[in-house]
Amino acid sequence: MNPYILTLLLFALGLGTTITFAGSHWLVAWMGLEINTLAIIPLMAQHHHPRAVEATTKYFLTQATAAATLLFASTTNAWLTGQWNIHLMTHPVPTTMIILALSLKIGLAPLHTWLPEVLQGLDLTTGLILSTWQKLAPFALLLQMPLHDRTVLVALALTSTLVGGWGGLNQTQLRKILAYSSIAHLGWMLLIIQFAPSLTLLALATYLVMTSAAFLTLKLNSATTINALSTSWASAPLLTALLPMVLLSLAGLPPLTGFLPKWLILQELAKQGLPFTATVAALSALLSLYFYLRLSYAMTLTISPNNVAGTASWRFNSSQLVVPVAITTLSSALLLPLAPAITSALSL
């Protein structure tokens with residue numbers, strides 16, 4: 001792609017998210033989401049591969065449906081209440097419709113079926129943008145809305161954590177596994193959003209760091225399937241040792257960074273008098289843990305019979321940027337000791 005066009009598309013991508021962040025009017029938020037969607041469509045279809053075109057078409061139709069639902073719900077709210085402000089949503093019907101529209105946009109279960117298929121048809125760089133940056137604007141709207149209906153949010157969140165765990169169990173494609181991982185993490189974020197929005201921001205921040213580390217490492221290894229992981233030691237031995245830590249951090253195992261948001265979320269749910277919800281969420285994390293352990297096993301304890309032992313003579317220095325990989329990998333593994341400072345900052 002022409003670098004000038006790429007720069008323009010990335011600028012439009014950032015502009016759409018910024019407009020959604022800054023606006024308090026539903027039409028402004030809708031406009032920001034539309035700019036965001038239209039900017040990423042050419043990035044998704046830039047390789048002109050049939051799978052990429054199919055994924056782009058699915059993504060466009062899904063986002064168009066969600067945007068139309070969002071616009072209809074905000075118009076209905078203005079008709080019922082006489083105002084367009086995001087902070088003043090009072091009627092339950094348009095509020096529920098907007099929650100469902102935003103859930104469709106980010107891929108929450110049971111509105112998730114498009115996400116694994118779309119992510120599977122993209123390259124790892126565009127998949128990283130879709131899994132991280134594209135979640136920010138809808139979550140900004142969810143954080144601004146007054147969320148009074150506990151039932152809908154908890155039902156969507158628990159369904160997402162369970163589907164994200166079950167769906168990734170029988171997958172062999174890494175992009176589909178990361179898609180189901182994204183669904184499960186989004187469920188954890190939505191679970192606590194009405195009780196402690198600061199914990200949602202913390203979970204979102206740690207998810208962005210860990211997912212970026214996973215995608216960038218897989219991109220450096222050029223791995224898209226579980227079988228390819230068993231040969232990655234020949235091209236990047238150090239990353240082969242570090243990626244299991246990133247995957248186990250995504251699973252939420254202590255003493256890694258991913259344990260911090262899940263620990264605080266379970267603690268807050270217990271304080272809110274929801275022990276059953278906390279128990280189901282914790283058990284659903286075990287489902288996700290299985291396929292993360294499966295990936296870790298494939299990387300560290302499996303050696304392909306096609307490779308000889310020792311350092312491969314064809315292993316050259318990579319021309320890709322390794323600084324983002326190093327920063328995100330270390331951050332996704334070593335931030336748990338900062339938990340007291342983070343919790344004190346969240347309580348301010």
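The model is a predicted one, and its protein chain is divided into domain 1, residues 1-134, and domain 2, which takes in residues 147-305 together with 321-347.

**How the two domains meet**

- The C-alpha centres of domain 1 and domain 2 lie 23 Å apart, and 24 residues of domain 1 are in contact with 29 residues of domain 2.
- Between them the two domains bury about 2,200 Å², and 75% of this area is on carbon and sulfur atoms.
- Of the area that domain 1 buries against domain 2, 28% is supplied by L108, Q120 and L124, which is more than any other three residues supply.

**Polar links and the elements involved**

- The count of salt bridges between domain 1 and domain 2 is 1, and E117 forms a salt bridge with K176 in which the closest N and O atoms are 3.3 Å apart.
- There are also 6 residue pairs in polar contact between the two domains, counting pairs in which both residues are at pLDDT 80 or more.
- On the side of domain 1 that touches domain 2, the elements that give two or more residues are helix 4 (92-106), helix 5 (114-120) and helix 6 (124-131).
- Sorted by class, that side of domain 1 has 13 nonpolar, 9 polar and 2 charged residues.

**Annotated transmembrane regions**

- The unreviewed UniProt entry carries the annotation "transmembrane region" for residues 60-80, 92-115, 151-170, 177-196, 202-221, 233-253, 273-293 and 321-342.
- Residues 151-170, one of these annotated spans, are 85% helix and 0% strand in the model, and the end C-alpha atoms of the span lie 30 Å apart.
- Residues 202-221, which are also among the annotated spans, are 100% helix and 0% strand, with end C-alpha atoms 29 Å apart.

**Backbone geometry in the loops**

- Most residues other than glycine have a negative phi, and most peptide bonds are trans.
- A cis peptide bond joins P254 and P255, with omega about 5°, and P255 lies in the loop between helix 12 (237-251) and helix 13 (259-271).
- H48, a residue other than glycine, has a positive phi near 55°, and H48 is found in the loop between helix 2 (26-44) and helix 3 (50-81).

Conventions:
Residues numbered from 1 in each chain as written. Predicted model: local features only at pLDDT ≥ 70, side-chain atom pairs only at ≥ 80, totals over all residues. Heavy atoms only, no water. Domains from an automatic or database assignment. Contact = heavy atoms within 4.5 Å. Buried area = accessible area lost by both parts, 1.4 Å probe. Salt bridge = Lys/Arg side-chain N within 4 Å of Asp/Glu carboxyl O. Polar contact = N/O pair within 3.5 Å; in protein donor to acceptor, adjacent residues only side chain to side chain. Helix = DSSP H or I, 4+ residues; strand = E, 2+ residues; numbered from the N terminus. Nonpolar A, V, L, I, M, F, W, Y, C, P; charged D, E, K, R; others polar. UniProt positions renumbered as here; feature names shortened; annotations may be inferred.
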